[in-house]
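Here's a quick briefing to keep beside the viewer. Load the model, then walk through the notes below.

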Amino acid sequence: MRRICLDYGHGGDDSGASVTDDWGLIQEKNIVLEIGKMVESFLIHDRKNYTVTRNGDYFLSLEDRIKIANGEKKDANGIKKKADCFISIHVDFFASQRAHGSTIFHFPGSRGGQELAEKIDNRFSARKIKRRGIKVSDDFIDNDDEKYIKVVAETKPPAVLIETGFISNDGDRRILRTHAGIYQTAWCIYEGLMDYYGAEN
Ligand SMILES: [Zn+2]
């Protein structure tokens, strides 16, 4: 059975991007955990094998995330096993309102990574989620997530890093603040994963 590794960016003292608006403080580390837990609920329902790099609000080094995916370190359940694919979930930030929509990064030349990115991006497109499309990790220029993009280069299984939208954009943030928005984003990631594996499971 295939083993999926979900990685939720940031955690603990590393909050990732954050914004305070009329509804209060919103932090990347919490949004990505919410989206990820929703993806997990779909995987559990479907009896799929998966692991996560972090399953709560605590700091986890980049190296540990990579080692868990590569089967070189025990996951939170004490299991040490290489994953077959790796999905890192983040939320984007930019100084201006103009930037909005999802972006999916993969390592240049990784066929598996590119295919996984395409499957998920197609699902975002089908559900009319605003998208900036697929990019390779060399194009990554966001300071906040700069170190995290390494996960797509140093994990052995095909890997993608998804920036699910801009916390800095009012429209994107409205989606990321609602249960319906979190559900829709998680569902697309799940559907894309299932497309990637096809009937083989
Ligand atoms: Zn991030």
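Predicted model: local features only at pLDDT ≥ 70, side-chain atom pairs only at ≥ 80, totals over all residues.

Strand 8 (residues 159-166) is largely enclosed by the rest of the structure, because 8 of its 8 residues are buried. Buried here means 20 or more other C-beta atoms within 10 Å of a residue's own, exposed means 12 or fewer, and partly exposed is in between, with C-beta atoms placed from the backbone. Helices (H or I, at least four residues) and strands (E, at least two) are DSSP runs, numbered from the N terminus.

Residue numbers start from 1 along each chain as its sequence is written.

**Strand 8 and its partners**

- Strand 5 (residues 85-92) runs parallel to strand 8, with 6 bridges joining them; two strands count as paired if DSSP finds at least two bridges between them.
- To see that pairing on screen, pick Ile89, whose bridge partner in strand 8 is Ile162.
- Strand 6 (residues 102-106) pairs with strand 8 in the antiparallel sense, over 4 bridges.
- In that pairing, Phe105 has Leu161 of strand 8 as its bridge partner.

- Strand 1 (residues 3-8) pairs with strand 5 in the parallel sense over 5 bridges.
- Tyr8 stands opposite Ile89 in strand 5, and Ile89 also has Ile162 as its bridge partner in strand 8.

**The nonpolar core**

- The largest nonpolar core has 46 residues, and Ile120, Val160 and Ile189 have the most contacts inside it.
- Helix 6 (residues 179-197) supplies the largest share of this core, 7 residues.
- A nonpolar core is a set of buried Ala, Val, Leu, Ile, Met, Phe, Trp, Tyr and Cys residues joined through C-beta atoms within 7 Å.
- Which residues is Val160 in contact with, leaving aside neighbours within four places in sequence? The list is Ile87, Ile104, Phe105, His106, Gly113, Leu116, Ala117, Ile120 and Val152, where contact means C-beta atoms, placed from the backbone, within 7 Å.
- As background, nonpolar side chains tend to be buried together in soluble globular proteins.

**Overall fold**

- The protein has 6 helices and 8 strands, and along the sequence they follow the pattern β-β-β-α-β-α-β-β-α-β-α-β-α-α.
- A compact globule of 201 residues would have a radius of gyration near 17 Å, and the protein's 15 Å agrees with that; the radius is taken over C-alpha atoms, and the globule rule is 2.2 Å times the number of residues to the power 0.38.
- The C-alpha trace spans about 45 × 35 × 35 Å along its principal axes.
- Of the 201 residues, 42% count as buried.
- Take the contacts between residues at least 6 apart in sequence: 76% of them join residues at least 24 apart.

- The end C-alpha atoms of helix 1 are 26 Å apart, which agrees with the 26 Å its 18 residues should span at 1.5 Å a residue; the expected span is 1.5 Å times one less than the number of residues.
- Its buried residues are Glu28, Lys29, Ile31, Val32, Leu33, Ile35, Gly36 and Val39.
- Arg47 is in the loop between helix 1 (28-45) and strand 4, and has a positive phi of about 55° although it is not a glycine.
- Arg47 counts as exposed because it has 8 C-beta neighbours inside 10 Å.

**Two more spots to check**

- Lys128 also has a positive phi, about 60°, without being a glycine; its loop is between helix 3 (111-126) and strand 7 (131-136).
- With 8 other C-beta atoms within 10 Å, Lys128 is exposed.
- Leaving aside neighbours within four places in sequence, Thr51 is in contact with Arg3, Cys5, Ile68, Asp75, Ile79 and Ala83.

Key: Contact = placed C-beta atoms within 7 Å.
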